[in-house]
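Please read it alongside the structure shown here.

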Amino acid sequence: MKSGFVTLVGRPNVGKSSLINSFMGRKVLIVTEKPQTTRNRIRCIYTDSEHQIIFIDTPGIHKPLHRLGHFMVEAAIQAMKGVDLILFVVDATKGLGEPEEQIVGLLKASKNRSFLVINKIDLAGDYHRLAEIAQEKYSFERVFFTSVVKNEGVTELFEAVKSAMPEGPMYFPPDTVTDRPLSFQFAEIIREKVLLLTRDEVPHCVAVIVDEIAERENGVMYVAATIYVERDSQKGILIGKDGRMIKQIGTLARLEMEQLSGKRIYLDLHVKVKRNWRDKDFIILNEIGMKDDLR
């Protein structure tokens, strides 16, 4: 058995979650076009007859504007420690900026094995030059060019990751796909639907907490969840005219939650205002899992 831990790092929205979903062969992580969709350090466990690889998805490295942002960046930095391999994912259309410079500095300090992954090559032109510039800043063990949308280079990268793993034990039962509880997975699905259906400032001001999961006698799983926002106007957007938006969010989330759990679900959604929770309310930060990520 070859096993190990692989952390993916990069600025927001470079495709880290999409790459992991491709490796896993199924959707485990929520994915949207909104920056900073990933707020937590999440482990996804891939297992076959010869390998167990724990992929660690991380929030994008960015300049934080509030305490939540600081927690997110710190979670990403912590995830680079004590792993067997780091995949440094760069958006081929964005180039190298301050976030990439910061990550290169962290790579030098960590002294971990690292691969450079130039992603979204289907949207860029001279991405080979970008790899050359990155290699001048840090000597990566290998360089890969990928497009999840076009399924280019992903298999080659995945096979290289497998080969890079050391001999080791099976850390999780073979049927485990993530170390996060069902309540967290449900909350992420609900938040994904909010991100997909809303725009402007709303997606960044939303936190979702699953308050209760209960099996009912008729076999239906009752799930109560609260969507927190920072202002009354955001609450109004989420509820929508005659409750249409919250109903649409609930319908899309429930269908995916049922697919994940294999059970019929009654989803009870509520929207509450928690002013400036991203800056001031550490109870909320703890509830969405950020405190645990920094242990």
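**Asp242 and Arg244**
- Arg244 is exposed, at 55% relative accessibility, where exposed means over 50% relative accessible area, buried under 20%, and partly exposed in between (1.4 Å probe, protein chains only).
- Asp242 is also exposed, with a relative accessible area of 66%.
- Their side chains, Asp242 and Arg244, form a salt bridge at 3.6 Å, N to O; the term means a side-chain nitrogen of Lys or Arg within 4 Å of a carboxyl oxygen of Asp or Glu.

**Model and conventions**
- The model is predicted: local features need pLDDT of at least 70, side-chain atom pairs count only at pLDDT 80 or more, and totals for chains, interfaces and linings use all residues.
- Residues are numbered from 1 along each chain as its sequence is written, and side-chain values use heavy atoms, with hydrogens and water left out.

**Glu256 and Lys193**
- A salt bridge of 2.7 Å, N to O, joins the side chains of Glu256 and Lys193.
- This pair links distant parts of the chain, 63 residues apart: Glu256 lies in helix α8 (residues 244-261) and Lys193 in helix α6 (residues 182-197); helices are DSSP runs (H or I, at least four residues), numbered from the N terminus.
- Glu256 is buried at 18% relative accessibility, and Lys193 is buried at 7%.

**Arg129 and Glu132**
- The side chains of Arg129 and Glu132 meet in a salt bridge at 3.0 Å, N to O.
- Both residues belong to helix α4 (residues 127-137), three residues apart, so about one helical turn separates Arg129 from Glu132.
- Arg129 is partly exposed at 38% relative accessibility, as is Glu132 at 44%.

**Total**
- The structure holds 18 salt bridges.

Key:
Helix = DSSP H or I, 4+ residues; strand = E, 2+ residues; numbered from the N terminus.
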